[in-house]
Amino acid sequence: MKKIFILFLLLLKILVAVDIQLEQNSTDISKLNSGDKIYFGEAIFKGNFKENQQFRYNPNYILNIGDVISVKMWGAYEFSAELPIDKQGNIFIPKVGEVHLLGLPNSKLKSKIQSAVKRVFNDNVYVYADLKQYQPISVFVSGSVKKVGLYEGLSTDSLLQFIDKAGGIIRGQGSYRNITILRDKQIIKNIDLYPFLLNGQIDMFQFRNGDVILVNPVRNFIEVSGDVNRPYIFELLSDSTSVQEVMRFIMPKPTANHFMVTKWQNGQEITNEYPLSQANSVFVTKGTKLKFFSDYYVNNIEIQIDGEHKGSKKIMVRKGTSLYDVLSNVNFTPLSDIRNVRLYRKSVANTQKQLIETMLKDLEAKAFTSESATVEEANIRTKESEMIMKFIERVRKVQPLGQVIISSKDNLGKIYLEEGDHIVIPKQSNIVVVQGEVNIPNALAYRKDYSMDDYISACGGYGERANRDKILLIKANGRVIQQSSGDFFSDNKALQVDAGDSILVLGKTDSKNILITSSVTKILYQVAVGAAVVLRAF
């Protein structure tokens, strides 16, 4: 019986792993199909509308059963009350009697009550009437929304509020330009949300109980990328649209002077290039990829310089300028640590991020395919998998720095700068920072005769989770040296701690799985090196 139960747990675990893998593959395919781009407008339905209600004056509002009317009378006769419209469509005013309001436009409310009052009183009685509260209604939201259903609101509520209550439009399936409102099975209004997204224009509409909001499927769409301010997937209202018309939405950058059109013809993908002057005569259809670009040669690049120096923080230099050329013109201060200049580069940060992501995906696969021999071990694996997924989620939020390590032996004249490079001139420091799995992480004054072990001891020693085989010495210039605890008594000069250095003590991975332990340890190392932070495994 016990063996059957173990097999059942293993089978269940495999099914969960397969299901997660299929879901992940489905998500990846969806991203690939859309070029990992965003559909224009999808960010608006994030819960910003659904909690709001609009109690605004609408002269065309048709009074309904349950609406509350505020009536005030003064002069020869005084009266004040909030009166609901009853099931016969009337309100009752003492000494005046019934006043029929059902089906009356809001603009005629005051005059209707005034007429009823004048039949009883003379001109010495004055009347004020206002629609105090709307009767709640229920509207169906259907089609390509995340949660089809019946939603309560006010007749004056916006279409955006009801769609937001339904969870928003399904990505890649629902249209933002083809939304219909049905009443008694008849289409009474068509809505296009693009004017609202582009210019803030939206038609106000009065809903009635039982109305249906239908979000129709998206039909025609194109993908826009390149030198534009809105690199999204856009919907087309017709089967064919000129590039000039598309440019109204996408806001090309001033530097864009050409565009490429990629479309499928006879079973193969064909790309054609055009100057921007032909945008009015070139047409795009469903599935077209439109890319704007500049064929100008960019001679200048922008560099950011921070830290201990005098002068501009952002400068423009010519392409081919080296790090030596820039540093030769920097106005340093007496506190500038010239020996440990740091260079951060976006392309390096992207490479570090990709490396960590590859390792995380490998860890995910290992977490859901580990075998268990007993029920107890299966339970441990399940809890371990949950911790691993939380760990992966935290690591994915870490952004690598993209530091290019520069030593005193490097030829700075051969290090050519790129667009967006970030140069940091550190201030001379007499501090050594110790962090990670030590009892009291701290910043300590530099001592020439102190070893790494001395600094760790000054911080209360190793913590319970410390991995003594994964201790990193990060030099002031960003160079990382990994040493185990047994190396502290070596004569190697690399172990020497200098002012401005940091000591990172990584933690152990509490896992019964050797493969997972190894993978997590590697990830922790890469994060510590790439982002200069220490994370706990679980």
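The side chains of Glu42 and Arg171 meet in a salt bridge, 3.3 Å from N to O (a side-chain nitrogen of Lys or Arg within 4 Å of a carboxyl oxygen of Asp or Glu). The pair links distant parts of the chain, 129 residues apart: Glu42 is in the loop between α1 (2-33) and β1 (68-75), Arg171 in the loop between α3 (159-165) and β8 (174-183). The model is predicted: local features need pLDDT of at least 70, side-chain atom pairs count only at pLDDT 80 or more, and totals for chains, interfaces and linings use all residues. Residues are numbered from 1 along each chain as its sequence is written, and side-chain values use heavy atoms, with hydrogens and water left out.

**Salt bridges**
- By this rule the count is twelve salt bridges.
- Glu42 is buried at 19% relative accessible area, whereas Arg171 is partly exposed at 36% (buried is under 20%, exposed over 50%, partly exposed in between; 1.4 Å probe, protein chains only).
- Arg177 and Asp192 form a salt bridge of 3.0 Å, N to O.
- Arg177 lies in strand β8 and Asp192 in the loop between β9 (186-191) and α4 (194-199), so the pair ties together parts 15 residues apart in sequence (strands are DSSP runs of E, at least two residues; helices are H or I, at least four; both numbered from the N terminus).
- Arg177 is buried at 11%, and Asp192 is partly exposed at 25%.
- A network of salt bridges links Arg345, Glu418 and Asp421.

**Helix pairing**
- Glu364 forms a salt bridge with Arg396, the closest N and O atoms being 3.4 Å apart.
- Glu364 is in helix α7 (residues 346-367) and Arg396 in helix α8 (residues 375-396).
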